[in-house]
Amino acid sequence: MHRWKRAVAGVLGVALVGTISALGGSGSAGASIPGATPVKGGAMTVLESSDAASWASGLDPATDPSDLADAPFMDAIYGDLFTQNNNGTVSPDLATGYSFSDGAKTLKIDLRHGVKFSDGTPFNAAAVAFNLRRDLDPKNACICDSSFPVASVTTPDSYTVVLNLTKPFSPIIGAFPGQAPNWIASPTAIAKMGEKAFAKTPVGAGPFEVVSDTYNSVLSLKKNPTYWQAGHPYLSSLTFKSIGSDESGYEAVLAGNAQMAENVATSSLVPQARKSLVVSEVVGRSGVGAIQLNTTIAPFNKLAAREAIYYATDAPALSKALSYGTGTVIQSPSLPGNAFYQPTVPGYRTYSPAKAKALVSGLGGMSITLGTAMGAAATESEALQSEWQQAGIKVSLTVFPTIVPLLQAYKANTWQALFQGAGGINPAEGTGGSYWRYYSTGPFTGIKSPALDHLIDGAAATTAMGKQVATYKQVDRYLSEHALLPFTYLVPLHNFTAKSAHGPGVSAPREFPLWQDAWMS
């Protein structure tokens, strides 16, 4: 789930602390750290905040409802078909290439030869097709289906998988990283163990395999001795632990009880962490504050009510007060540093308390409920509540303690406003993207607009970047003109890492760490 703490969807980089060249399967981790040579062996402990990463449903890609939030674990166990690069492109990993045909309605994926799952069974086209069909089976209710409009999956040979799509959809290739179809489970292990047992001790073709798993507490992994990439992983063991807060994660790394706290959203910790630890940005899932409005029900089915929220929101003041200098005020779901980004969007309504009060008065008053997640998002929501109440809007807050009730609210369409994350390198991709957040049939949408859907589909129907960029600028303008999705500011997520831990996404900026390239000095 693309929550504020994990927001991209997603997706996404801003003010990079540095750049890295390591790609999935490249074995070039040392090149990302000047003068450093990877050391084999060693153990690394990584801390994950419990309000974002939770694996109570297990780690079976097809049945885990928190796939993006649980990506660190999934990547380590299963590896990836494709990895996300800092520049917005994807690179093959367990796949070796891909190509579109039939006007972006057919996707062919070429697979790496000679790979085996950690149970010794072959990683091949049949296994990948089995997983894709299972992931997208409606009974498993994978929320990834809006990013994977797949009509059928075929296997022309043992190392080729063909996805026949229901419509032209070029963003599908960028949707793999961080979602269930990117992680391929051993079909033999699922059949032998049964789904429930498999979810507890999953089997993949990634750099590590499961030693023990205490749900929502500790996941212990050891090196996969049959991993396909020679000499990898460098680490002998990798352990993930759940923690209650960013503060406790910071203190644990500082004390030497762990080597990394991942996806830290508490901006106030960044300046002090830089004094003793390596602080790197999570490229691609920085928190883009989006105020989702349910335009299908009152009061936001009226333009005036939506405009009142825009005018009552002082995004620059929020950023100054809450981001500790790390925030960037934003008016669209595309992030600084990529081709889709627009610093200002034509027609975007900015802070004007007088206009907000007038609109609220004209509506005869306005009472709403604002939903949010726990953690950093709750603080921002309280600030929004204060600003909106100054404009005469009565605001009640609902804090969702876990992802489950939040998903239930979306499904039941019972919410009025939600403070969530939205955005991506490519605005069509991921759980923060257009097909999730503002397309009529998206799982996390509050917007029903055939005209907007037409624009979004037009961008997805071409593989030409220039046409995609031009069309999404029209999408941004449509959202702005109709006051459908107000934004606040972007806050980078950060990893806090001990100086003894290294690797892409560990000590250098990246969206998802390459655990096979992580090492301890």
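Me: A crossing is left-handed if the near helix is turned anticlockwise from the far one by less than a right angle, and right-handed if clockwise. Which of the two is the crossing of helix 8 and helix 10?

Reply: The crossing of helix 8 with helix 10 is left-handed. This is a predicted model, where local features need pLDDT of at least 70 and side-chain atom pairs 80 or more, while totals for chains, interfaces and linings use all residues. Residues are numbered from 1 along each chain as its sequence is written, and side-chain values use heavy atoms, without hydrogens and water.

Me: Why is helix 8 called roughly antiparallel to helix 10?

Reply: Helix 8 (residues 303–312) packs on helix 10 (residues 353–362) at about 155°, with axes 8 Å apart. That angle makes the pair roughly antiparallel, a term for angles over 145 degrees.

Me: What makes up the contact of helix 8 with helix 10?

Reply: Ala 304, Glu 307, Ala 308, Tyr 311 and Ala 312 of helix 8 meet Pro 353, Lys 355, Ala 356, Leu 359 and Val 360 of helix 10 (contact: heavy atoms within 4.5 Å). Eight of these residues are nonpolar, none polar and two charged.

Me: Why is helix 8 called mostly covered?

Reply: Eight of the ten residues of helix 8 are buried, that is, under 20% relative accessible area with a 1.4 Å probe, protein chains only. Among them are Arg 306, Ile 309 and Tyr 310.

Me: How do you know that the buried residues of helix 6 line one face?

Reply: In helix 6 (residues 246–254), Asp 246, Gly 249, Tyr 250, Ala 252 and Val 253 are buried. Down the helix 6 axis they fall within an arc of 165°, so they line one face. Their cover includes strand 1 (43–49) and helix 7 (270–273).

Terms used:
Axes are lines fitted to C-alpha atoms, for helices over the stretch in contact, and angles run from 0 to 180 degrees between N-to-C directions. Helices (H or I, at least four residues) and strands (E, at least two) are DSSP runs, numbered from the N terminus. Angles under 35 degrees count as roughly parallel, over 145 as roughly antiparallel, 65 to 115 as roughly perpendicular and the rest as oblique. Ala, Val, Leu, Ile, Met, Phe, Trp, Tyr, Cys and Pro count as nonpolar, Asp, Glu, Lys and Arg as charged, and the others, Gly among them, as polar. Buried means under 20% relative accessible area, exposed over 50%, partly exposed in between (1.4 Å probe, protein chains only). The arc is that of the directions from the helix axis to the C-beta atoms.
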